[in-house]
Amino acid sequence: MKEIVIISGKGGTGKTSITASFAALSKDAVFADCDVDAADLHLLLQPLAIKSMPFISGNVARINEQKCSGCGTCNSLCRFDAVQPGTPYTINPTDCEGCGVCVHFCPEQAIEFPPQRCGEWFQSETRFGPMIHAALDIGAENSGKLVSLVRQEARNLAEANQHELILIDGPPGIGCPVIAATTGAHAVFVITEPTCSGKHDLLRVLELTEHFDIPTYICVNKWDINPDMTQQIKIAGEEKGATFIGTIPYDQQITKAQIEGKTIVEWGDTIAAIAIKEIWNSFCEQLGIAS
Amino acid sequence: MKIAISTTGNTLDAAIDPRFGRAARFLIYDLDDKTFTLVENEQNLNAAQGAGIQAAKIIADNEAKAIISGQCGPKAFKILSAAGITIYPCDAGSVAEAIELYTAGALQPAKDATVEGHWV
Amino acid sequence: MKIAIASGKGGTGKTTLATALAQAAAQPVQLLDCDVEEPNAHIFVKPQWTNHKDATIAIPVLDTTRCTNCGKCGELCQFNAIVTIANQTMIFSDLCHSCGGCVLVCPEKALQEQPKTIGYIDTGHSGEITFIKGTLVIGEAMSPPVIRQVKKTAAADQLTIIDCPPGTSCPMMTAVNGSDFVLLVTEPTPFGLHDLKLAVETLRSMDIPFAVVVNRAGCGDDKVDHYCRNEQISLLLQIKDDRRVATAYSRGDGLLSALPELATQLRSLLTEIEKRINQAQGQTQGGGTQ
């Protein structure tokens, strides 16, 4: 079983559109949307949920107004500015880090510390295979842990049903959720764009995958917007030890397909669809996956 | 001497849980009088992070000298080693099979973490 | 006046708009790059750097000569960053959230805090723009403390434009927190609309006034317009889908170099936002009776 994570560093490079196309092309895969902050893969794969579970993570402090004496100890100890003075004192759950310091040191033992529901995750069926996805509650924290949970559930499902591949739509950036999505994966597939920003962010992503020692493949989307920059990215990526796997031309049909809830490879033999198929075949060949 | 095995079930026939930090529970097996107790790992399933660290603490607090599990991340490895607990990665099907392999000396201790940390 | 430029979806043009607004402002302005995981506003601002400092968090260090391995620190720590096991106490600083609880609870005063670098804050200038950039050290997981330190570095009473990280969770919320107004940049596609809705809900829960800017207008459908109308959200600016913008952007040239005529519109946008902020503040000061 192989676990492949698709990331981009910079947002909006076409990561989800291309992941969905790979899903359509794959033969025997489980899909996981680990971009739990702004999950969009479901808009193209249209999953039908067969199971949903709450996502509980950590605790949140809550002052019991009957017991609060208004001494202000919580306010003086909180490093996250989550306590609002008043009678009684209150805690802003958005700012609460869940560290429990106020709970421990409250002389009146007036602060409760219930577990926090932060979102929901789903096991679903799609027209291309099973999918695990999640939605973080509005204002909730700890997307990194939800990413780990989605990944673990996808792994459990793949193991139980002997699927060959797990295809993960990863989050943007290089922080906590990306680290949670990529550590220990078999390969990272980076989709970038031929812009100064795309290159800048790609180099940071490559440093991260190097740091965690994960084989990395690069593809440039909308390469023809700036062929020069595409070439620069190819050279810079290869210097960093990544494998350059191909380019996808700018294709307005991708947006048209997205509006209809379709992947570009289902939409028709457009220039991008042809390029994506070629890239998928060559990627499968390099990783030893049936294409 | 006691050893611990991560498991999803409640009996010796139950399957090994391949996860360490987020294992459902641990079966603590006493090699001398061939009895066992079960320790729930439930709190860890909802821990914000560092499940492996908490799980390692459970193993040490139960005085097991070895842990048989599927995988073990770098932080848990560091703690278990410091506490003098040996880690045996094992992909045997059931807890009973794992104990058998262990007593026969057929399991190799891990020299390093077997997986990257999951960060959370 | 603090204006945050945010979006649920990445790559919709936050940085493009934030840098163009700062360049069009025609007054001293601070531009903060709070997308510390992937900061790239500097590519378009091309500042002269004048200051570099570390962004740090405080992590505990153990004095083993004082520690009795009582384990109280580990019991308090919600993040499993400190643990006592078999008469040893170990610290995992990459899990530490810097709450200071372990130091407070230690009966032997065996724990002290020490700064750990998790990012950098760079300050520079370009014309009337004071530019402050935060960068997260690669391999570090926690961006909110770096974002907070970028915001603390800025002067309080100056026009400030904040380029935010994408998404709707902790980094985005940390960046927009305390702003007077947020501009949500989106694009007219299903992905853009879906993520816009999430961002709108987030800002409503935080009670920060906001409006929408549509970038690449004309490239998709009109569902974003419909949504904004139904939800009574102002759509303050539409930037047309134009390959000249994409090409300029790819070279590291900003929106105004491709479409200089936009500068006037951006200045009116700033005026409009200022008017709205004053109105909102007038209402709260007046007791919110309207």
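Colleague: How many residues does the contact take from chain C and from chain A?

Modeller: The contact, meaning heavy atoms within 4.5 Å, takes 57 residues from chain C and 62 residues from chain A. Please keep in mind that this is a predicted model, where local features need pLDDT of at least 70 and side-chain atom pairs count only at pLDDT 80 or more, while totals for chains, interfaces and linings use all residues. Residues are numbered from 1 along each chain as its sequence is written, chains are lettered from A and ligands numbered from 1 in the order in which they are written, and side-chain values use heavy atoms, with hydrogens and water left out.

Colleague: And what area is buried between chain C and chain A?

Modeller: About 4600 Å² is buried between chain C and chain A, with carbon and sulfur atoms giving 58% of that; buried area here is the accessible area (1.4 Å probe) that two parts lose on being put together, summed over both. In chain C, the residues that lose the most area to chain A are Glu38(C), Ile138(C) and Phe191(C), which together make up 17% of what that side buries.

Colleague: How many salt bridges cross it?

Modeller: The rule finds two salt bridges across the interface of chain C and chain A, a salt bridge being a side-chain nitrogen of Lys or Arg within 4 Å of a carboxyl oxygen of Asp or Glu. One of them joins the side chains of Glu38(C) and Arg204(A), at 3.6 Å from N to O.

Colleague: Which element gives the largest share of the side of chain C that touches chain A?

Modeller: Helix 7 of chain C does, with eight residues; helices (H or I, at least four residues) are DSSP runs, as are strands (E, at least two), and both are numbered from the N terminus.

Colleague: Changing topic, how is chain C divided into domains?

Modeller: Domain 1 of chain C covers 2-55 + 120-285 and domain 2 covers 56-116, with bounds that come from an automatic or database domain assignment. The centres of these two domains, taken over C-alpha atoms, are separated by 38 Å.

Colleague: What do the two domains bury between them?

Modeller: Domain 1 and domain 2 of chain C bury about 440 Å² between them, 54% of it on carbon and sulfur atoms. On the domain 1 side, Ala55(C), Glu140(C) and Met142(C) lose the most area to domain 2, together 69% of what that side buries. The rule finds one salt bridge across this interface, and Lys116(C) forms a salt bridge with Glu140(C) whose closest N and O atoms are 3.4 Å apart.

Colleague: Is Glu187(C) buried or exposed?

Modeller: Glu187(C) counts as buried because its relative accessibility is 10%, where buried means under 20% relative accessible area, exposed over 50%, and partly exposed in between (1.4 Å probe, protein chains only). Its side chain meets that of Arg216(C) in a salt bridge of 2.4 Å, N to O, and Arg216(C) counts as partly exposed at 28% relative accessibility.
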